[in-house]
Amino acid sequence: MVREFTEQGFLDYLASTPVRLEAQLRTAMKHQASHLQKEAREEVGHYQEAAGPFPAWSPLADSTMDDRIRKGFTPNDPGLRTGGMRDSYKASVEGNKIILGSASDEALWFEEGTIRQPPRPVIGPAIFRNTETITKHLAESVSAVMAGHTITPESDVDD
């Protein structure tokens, strides 16, 4: 369907585009942040393959698996015991950026590794694997606004 404008109607439409575009991008970014948060959380407890510059996760040491069993946990779910570290991964939208991170020391040690534990990165691989999808959805949002449409995906990410 082709829209028809008067000259003033078209000028008004163009003048409203930045406001509509900002609102649409904010909505789309919150949706993509929610997706990224979910993806990061789903990685914990499951061995991950290499993703771009991020290494595949090393197997848990026998001593770690023994400790997990002794404490009542499953033997071979890297990073997943109570779910606290997994649930600490949060995504938010700040300005024109999606921020994914965790305030948990355990998540930092898991990501970076320690003297006794190899790194098992979550954040970088989640972003690496989803960059193309995020970019595609944001581009679709811009196109929708320019065509006079609105996309309203749901999100569970707070402002």
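Guide: Start with the largest nonpolar core of this predicted model. That core has 19 residues. A40, M85, Y89, L100 and V122 have the most contacts inside it.

Visitor: What makes a set of residues a nonpolar core?

Guide: The members must be buried residues of the listed nonpolar kinds, joined through side-chain atoms within 4.5 Å. Buried means under 20% relative accessible area. The 19 residues of the largest core are such a set, so the name applies.

Visitor: Which elements supply at least two residues of this core?

Guide: They are α1, β1, α4 and α5. The largest share comes from α1, with five residues.

Visitor: Why would such residues gather?

Guide: In soluble globular proteins, nonpolar side chains tend to be buried together.

Visitor: Which residues is V122 in contact with, leaving aside neighbours within four places in sequence?

Guide: V122 is in contact with A40, E43, V44, W57, Y89, F110 and E111. Contact here means heavy atoms within 4.5 Å.

Visitor: Why is A23 called partly exposed?

Guide: A23 lies in helix α1. Its relative accessibility is 44%. Buried needs under 20%, and exposed needs over 50%. The value for A23 falls in between, so A23 counts as partly exposed.

Visitor: And why is G9 called partly exposed?

Guide: G9 is also placed in helix α1. Its value is 23%. Buried would need under 20%, so G9 is partly exposed.

Visitor: Which residues of β2 stand across from E94 and A91?

Guide: E94 stands opposite K97. The bridge partner of A91 is L100. L100 is also one of the residues with the most contacts inside the largest nonpolar core.

Visitor: What lies between the strands of this hairpin?

Guide: Two residues do. In this hairpin, G95 takes a positive phi near 65 degrees.

Visitor: What is the volume of the largest pocket, and how many residues line it?

Guide: The volume is about 740 Å³. The lining has 23 residues. T64, R81, F110, Q117 and R120 lie nearest the centre of the pocket. Helices α2 (62-70), α3 (84-88) and α4 (105-112) give two or more residues each. By kind, the lining divides into nine nonpolar, nine polar and five charged.

Visitor: What makes M29 a lining residue of the second largest pocket?

Guide: A lining residue has an atom within 4 Å of a pocket point. M29 is listed in that lining, so M29 meets this cut-off. Others in the lining include L36, N96, K97 and L138.

Visitor: Which element gives the largest share of that lining?

Guide: α5 does, with five residues. α1, β2 and α5 each supply at least two. The lining divides into six nonpolar, three polar and one charged. About 180 Å³ of space lies in this pocket.

How values were computed: Residues numbered from 1 in each chain as written. Predicted model: local features only at pLDDT ≥ 70, side-chain atom pairs only at ≥ 80, totals over all residues. Heavy atoms only, no water. Pairing = 2+ DSSP bridges. Helix = DSSP H or I, 4+ residues; strand = E, 2+ residues; numbered from the N terminus. 1 Å grid on protein atoms, 1.4 Å probe; cavity = no way out; pocket = protein on both sides within 12 Å on 5 of 7 lines; lining within 4 Å. Points joined across faces, edges and corners; volume = space filled by probe spheres on them. Nonpolar A, V, L, I, M, F, W, Y, C, P; charged D, E, K, R; others polar. Buried < 20%, exposed > 50% of the residue type's maximum accessible area, 1.4 Å probe, protein only.
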